[in-house]
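Student: Could you take me through this assembly, starting with how the chains touch one another?
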Amino acid sequence: MYLKPSYEIRDKYLRKDMLPTIFCPGCGIGAVLQYTLRAIDDLGLNQDEIVWVSGIGCSSRVPGYVNFDGLHTTHGRALAFATGIKMANPDLKVIAFMGDGDAAAIGGNHLIHAIRRNLDVTVILVNNFTYGMTGGQVAPTTPKGLRGTTAPYGSFENPFDIAELAVAAGANYVARWSVFNYLQGINSIKKALQKRGFTLVEFLSPCPISFGRRNKLKTAPELIKWYQKITVPISKAKDMPPEELEGKVVIGEFVDRDRPSLVEEYEAYKRRAKKIMGWEE
Amino acid sequence: MRKEVLIGGFGGQGVILASVILGRAAAVYEGLYAVQTQAYGPESRGGASRAEVVISDEPIDYPKALAPDYAVLLSQQAYEKYLPLVKKGGIVILEKELVPNRNEELEKNFKVFAIPLTKVAEETTGLSLTMNILTLGVLVKLTSVVSEESIEKAVLDSVPKGTENINLKALRKGFELGEKAKNGEL
Amino acid sequence: MRYPFPVGDADFIQGDEAIARAAILAGCRFYAGYPITPASEIFEAMSLYMPLVDGVSIQMEDEIGSIAAVIGASWAGAKAMTATSGPGFSLMMENLGYAIMTETPLVLVNVQRSGPSTGQPTLAAQGDLMQAIWGTHGDHSLIVLTPATVQEAFDMTIRAFNLAEKYRTPVILLTDAEVGHMRERVYAPHPDELELVYRKLPANEEEAKYPFGDIHGDLVPPMPIFGKGYRTYVTGLTHDERGRPKTVDAEIHERLVKRIVGKIENNKKDIIDYETYGLEDADIAIVSFGIVARSAMRAVKELRKEGINAGLLKLNVLWPFDFELIEKIAENVERIYVAEMNLGQLYHMVKEGANGKAKVELISRIGGEVHTPGEIVERIKRDLR
């Protein structure tokens, strides 16, 4: 795979007047953004037919930096806004750039219902296991026992596995990687962007300042090494007993299928309505 | 000309539908002003049911019945609750078999017509649930609150497809009963 | 264009149904909602009609999602609406503020029931008046219309869309369970007979660069909707004229919020609407709105029959509020009565407007039943004795 120089991607897609970003040194959001833009670029998608939607959080600032139509909304609600955009104008491609707290806590219900409907949207989910913007509180993804400012003695709750949740709720495509797996990541985003229905690519993404610092993982390289330690490829995980998978994060492609999407279903519904009412044959 | 109609009974008697048809006849087919309101409870089925229709040739301010000119009372409970509200000299139609306990003293204030509406409906169409339409026929004949043509049209607009004929049959039976009631031939 | 209900004709329908039909005739093609008494009939009518007119009606997971979807649809270029009642209205406050901040045209119908909390789901109230105006956090302004009849519910729904599009703002249609559920004659004009307003779009690329700038001097920026190549960025954070977040600059914040408030307040004359009856020679004025105004109207007629010079001010718009009008009335009457189905909300606004020039009294009723005309008459006569 040929990778264009980063500055080419930057110059083509970012709003220069919005830079620098608010992201801290070592933050993984920039990498995930780069993968997304590379995927768009590789596919030759029309910049004017894509809308970026987000909620609140560090990763939700991304639509402000990219030179596309963008809707930076309220905390957790991005996918509900996306539902309106996509259904009112199905010609638009919608990308939701979300964080783990945004998507799985305050936005958890919107997330599972958007997936249930198989809304045509690509979710890029930046999972840093914490609330970075507000200073490192625990998230519904924080591994049990790890620390945040609201569980200073180590989280006592069970974390969500967002990718598994998305599979169970009916998504058409789900993959999870760490930011370290950049080629797989870009390829997954490319796949996701080409599909109808709900697609989600989750990235384990370092937040050394708010998360790592409190968990003896002070720098991005330390966090990435930790990812390497805790991640298990899905092919390998299949043959592993549950005890061995305890505390591990499975990475890879979780599902790739083509159930009818919300837009397709609604088109069929409109035809059915007209037929039942005798408006059309 | 402000005329107030109150219909009271229980769920399943078609109280609400009857009131809607009456309002529709006035509003759509007579060009009059009409307001239909109903009492709602939390239950989807059963329970007490009450609807009101106010009809006027000028815009209607207060939309509810203050002292009904006409009342249709289809249950004992409705009879007890609403009869005292009826305007003096008002016309009252009762479902005779469902209002066994009558207040003769109070009834002296009104023109009361007690008819076994459900039974007659069943005899006429084979379906007791056409009682509400039959009752509308009686009411219209007795009160001329709307014309017979208008109520016919409104019935045809409102009943399920395929039931037009039996409902018209019920309505016309109602006209007939109303005529008899008017002439004291019941 | 074919419509799934009679147009250019009269029908006998519920207030909720009238709102749905009017919305479709006004060009609404996106509806998102969540079931709630007594507003569900609006949603059900939309569900029946929208697929037939190539529009969208979708049931969201909650009311937060409903108004969110409506805002998204509006940015995608659609005229969009949602409807709810008290509990859902509370949930919508979050994104109502977002719609105000991002200047998103939409119509939000609140078919009021009694609160607080789930209260009396099937019965009417007017207890959400202050919430409609001030319920979302932060400094803001918006438009609140209120109908008293089914025909008004129809007409005001069309007006709500027109005002939303004209001023790029959310408009609340504040009705109640009584108007929502009652049936009356409604004349639905053919859309060709209707004057419909559509949002200003940018005339050129230069205009599109300022989605939040007062580039026409009318405080209402053109709206660069999505998918047209404008590359608009929309945020609920304080933003400059180009839409860029500027969250610590006091001047930018003040300019933005004052413009958003100003575009409503400076256009009061265009927005405000009311009716009067008998106020010319009145000694006593009743101020009322919605369903209660109909009781008040009859009360005024009855009082006048008894030789008491009463008059009515029926408000059709609750915000922006015409404080000056109230003061003028106060100068000419001895006493102003405010009749409303709550424990006193409009009352406070009227009192402020009256500015001490007339005594202002509240005729309050809660519990679900509308004031009877007799109740209003008795109260006024008692005070006169």
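Student: Before that, what sort of model is it, and how are things numbered?
Tutor: This is a predicted model, in which local features need pLDDT of at least 70, side-chain atom pairs count only at pLDDT 80 or more, and totals for chains, interfaces and linings use all residues. Residues are numbered from 1 along each chain as its sequence is written, while chains are lettered from A and ligands numbered from 1 in the order in which they are written.

Student: Which chains share the most contacts?
Tutor: Chains A and C do, of the two pairs of chains in contact. Two residues are in contact if their C-beta atoms, placed from the backbone, lie within 7 Å.

Student: And how far apart are the closest C-alpha atoms of chain A and chain B?
Tutor: They lie 14 Å apart, and no contact joins chain A and chain B.

Student: How many residues does the contact of chain A and chain C take from each?
Tutor: Chain A gives 36 residues and chain C gives 39 residues. On the side of chain A that touches chain C, helix 4 (78-88) of chain A gives the most, with eight residues. Helices (H or I, at least four residues) and strands (E, at least two) are DSSP runs, numbered from the N terminus. By class, that side of chain A divides into 17 nonpolar, 12 polar and seven charged residues. Here Ala, Val, Leu, Ile, Met, Phe, Trp, Tyr, Cys and Pro count as nonpolar, Asp, Glu, Lys and Arg as charged, and the others, Gly among them, as polar.

Student: In which sense do strand 2 of chain A and strand 10 of chain C pair?
Tutor: They pair in the parallel sense over three bridges, with strand 10 of chain C covering residues 233-235. Two strands count as paired if DSSP finds at least two bridges between them. Leu71(A) has Val234(C) as its bridge partner.

Student: Now the contact of chain C with chain B: how many residues from each?
Tutor: The contact takes 15 residues from chain C and 16 residues from chain B. The elements of chain C that give two or more residues to its side are strand 1 (9-14), strand 6 (120-124), strand 9 (183-188) and helix 11 (290-305). Helix 11 of chain C provides the largest share, four residues. Six nonpolar, three polar and six charged residues form this side of chain C.

Student: How do strand 2 of chain B and strand 9 of chain C run, parallel or antiparallel?
Tutor: They run antiparallel, and two bridges join them; strand 2 of chain B covers residues 33-38. Gln36(B) stands opposite Arg183(C) there.

Student: What is the order of elements in chain B?
Tutor: From the N terminus on, they run β-α-β-β-β-α-β-α-β-α-α-α-α, which comes to seven helices and six strands. The radius of gyration of chain B, taken over C-alpha atoms, is 15 Å, close to the 16 Å of the globule rule for 186 residues, so chain B is as compact as a globular protein of that length. That rule is 2.2 Å times the number of residues to the power 0.38.

Student: What percentage of chain B is buried?
Tutor: Buried residues make up 53% of its 186 residues. A residue is buried if 20 or more other C-beta atoms lie within 10 Å of its own, exposed if 12 or fewer, and partly exposed in between, with C-beta atoms placed from the backbone. Helix 5 of chain B is mostly covered, as 12 of its 13 residues are buried; among them are Met131(B), Leu136(B) and Lys141(B).

Student: What should helix 5 of chain B span?
Tutor: At 1.5 Å a residue, its 13 residues (131-143) should span 18 Å, and its end C-alpha atoms are 18 Å apart, which agrees. The expected span is 1.5 Å times one less than the number of residues. Just after this helix, Ser144(B) takes a positive phi of about 50°.

Student: Changing topic, what domains does chain C have?
Tutor: The assignment gives domain 1 (9-193) and domain 2 (273-384); such bounds come from an automatic or database domain assignment. The C-alpha centres of the two domains lie 27 Å apart. Their contact takes 23 residues from domain 1 and 21 residues from domain 2 of chain C.

Student: Finally, why does Gly15(C) count as buried?
Tutor: Gly15(C) counts as buried because it has 32 C-beta neighbours inside 10 Å. Gly15(C) is found in helix 1 (residues 15-25) of chain C. Gly15(C) and His181(C) are 166 residues apart in sequence, yet 5.7 Å apart in space, C-alpha to C-alpha. Leaving aside neighbours within four places in sequence, the contacts of Gly15(C) include Val150(C), Thr175(C) and His181(C).
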